[in-house]
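Please read the following report beside the sequence and the coordinates. Terms are given their cut-offs where they come up.

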Amino acid sequence: MWDVLVLLGAPGSGKGTTAGDLAEVRPDWIHLSTGDMLRDAIKSGSPVGLEAKQCMDQGQLVPDEVVMKIVSEYMEAGPTDAVYLFDGFPRTDAQAQLLDEFLESSGKGHVSHVFLLEVPEEVLVDRIAGRLICRDCGKVFHRTNMPPTKESMCDDCSGDIYQRPDDNRETVLNRLKVFHNQTASLIDYYGAKKILHRVDCLYRDRALDAILTIMGPKS
Ligand SMILES: [Zn+2]
């Protein structure tokens, strides 16, 4: 059977880091990032991949049905017994319903846990608005939490360090607002099913430990 876990988190919540940590501790889980999956589908030139590419070329969002088709084809091609960790999908309650319908009709499993990574908004803003990036190698620094040794110079490659134009307070607050609007109904949807777990993600290890504790030991 399939056991599906969903990771939810605002920009800057540490979702990517937590997913990476989980992949290391639980290599038996299959990590599905929709971004990667979309790119793979487009590269493969499959019919759904082409459909997705058409939307993206026109600057449109890929429709829920197309994303769902890419996810379902991926799962159907994989093992019949697996724990899937979804990252970046579902993004809306409409997508969550499609996913549940697919899982139900396939009779192969269900979504068992949804982890909402929580970080106080002030911290999120500070994390992103303080971010500095090396122009040459892409290494990420932070103005106060992880400053480069020499001002505006990369520790690794001596490249030039800069702040991305949209990593400012105002844009971050706006991105958070979009995230909250988008996920409010999704959080209600999973909350009503009593499978939503709020995980404190202020500290990296604490979030990881909380998720591992909820999931229990490897079987
Ligand atoms: Zn560098």
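The text below goes through the sheet, the helices, the core and some individual residues.

This is a predicted model, in which local features need pLDDT of at least 70 and side-chain atom pairs count only at pLDDT 80 or more, while totals for chains, interfaces and linings use all residues. Residues are numbered from 1 along each chain as its sequence is written.

**The sheet**

Helices (H or I, at least four residues) and strands (E, at least two) are DSSP runs numbered from the N terminus, and two strands pair if DSSP finds at least two bridges between them. On these terms, five strands form an open sheet with parallel pairing, in the order S2-S3-S1-S4-S8. Strand S2 (29-33) and strand S8 (196-200) stand at the edges with a single partner strand each, so one side of each is left without a neighbour in the sheet. Neighbouring strands are turned by 25° against each other on average, direction ignored, where axes are lines fitted to C-alpha atoms (for helices over the stretch in contact) and angles run from 0 to 180 degrees between N-to-C directions.

Strand S1 (residues 2-9) pairs with strand S4 (residues 109-118) in the parallel sense over eight bridges, and with strand S3 (residues 82-87), also in the parallel sense, over six bridges. S2 and S3 run parallel and are joined by five bridges. The table lists some residues that face each other in these pairings.

| Residue | Partner | Strand of partner |
|---|---|---|
| Trp 2 | Gly 109 | S4 |
| Asp 3 | Val 83 | S3 |
| Val 4 | Tyr 84 | S3 |
| Ser 33 | Asp 87 | S3 |

A residue is buried if 20 or more other C-beta atoms lie within 10 Å of its own, exposed if 12 or fewer, and partly exposed in between, with C-beta atoms placed from the backbone. Six of the eight residues of S1 are buried, so S1 is largely enclosed by the rest of the structure.

**Helices and core**

Two residues are in contact if their C-beta atoms, placed from the backbone, lie within 7 Å. Helix H7 (residues 169-192) lies across S1, S4 and S8, and runs at about 120° to S8.

Helix H3 (residues 47-57) packs with helix H4 (residues 64-77) at an angle of about 150°, their axes being 10 Å apart. Val 48, Glu 51 and Ala 52 of H3 make this contact with Val 66, Lys 69, Ile 70 and Glu 73 of H4. By class, the residues of the contact of H3 with H4 divide into four nonpolar, no polar and three charged, counting Ala, Val, Leu, Ile, Met, Phe, Trp, Tyr, Cys and Pro as nonpolar, Asp, Glu, Lys and Arg as charged, and the others, Gly among them, as polar.

A nonpolar core is a set of buried Ala, Val, Leu, Ile, Met, Phe, Trp, Tyr and Cys residues joined through C-beta atoms within 7 Å. The largest such core has 43 residues, and those with the most contacts inside it are Val 6, Ile 70, Leu 85, Phe 86, Phe 115 and Leu 117. Once neighbours within four places in sequence are left aside, Ile 70 is in contact with Met 37, Leu 38, Ala 41, Val 48 and Ala 52.

**Individual residues**

Phe 89 and Pro 90 are joined by a cis peptide bond, with omega about -15°, and Pro 90 is found in the loop between S3 and H5. The loop between strand S6 (140-142) and strand S7 (161-162) holds Ser 152, and Ser 158 has its place in the loop between S6 and S7 as well. Phi of Ser 152 is near 50°, a positive value in a residue other than glycine, and for Ser 158, likewise a residue other than glycine, phi is positive and near 60°. Ser 152 is exposed, with 12 other C-beta atoms within 10 Å, whereas Ser 158 is partly exposed, with 13 other C-beta atoms within 10 Å.

Ser 185, in helix H7, is exposed, with 12 other C-beta atoms within 10 Å. From C-alpha to C-alpha, Ser 185 and Pro 27 are 31 Å apart in space, and they are 158 residues apart in sequence.
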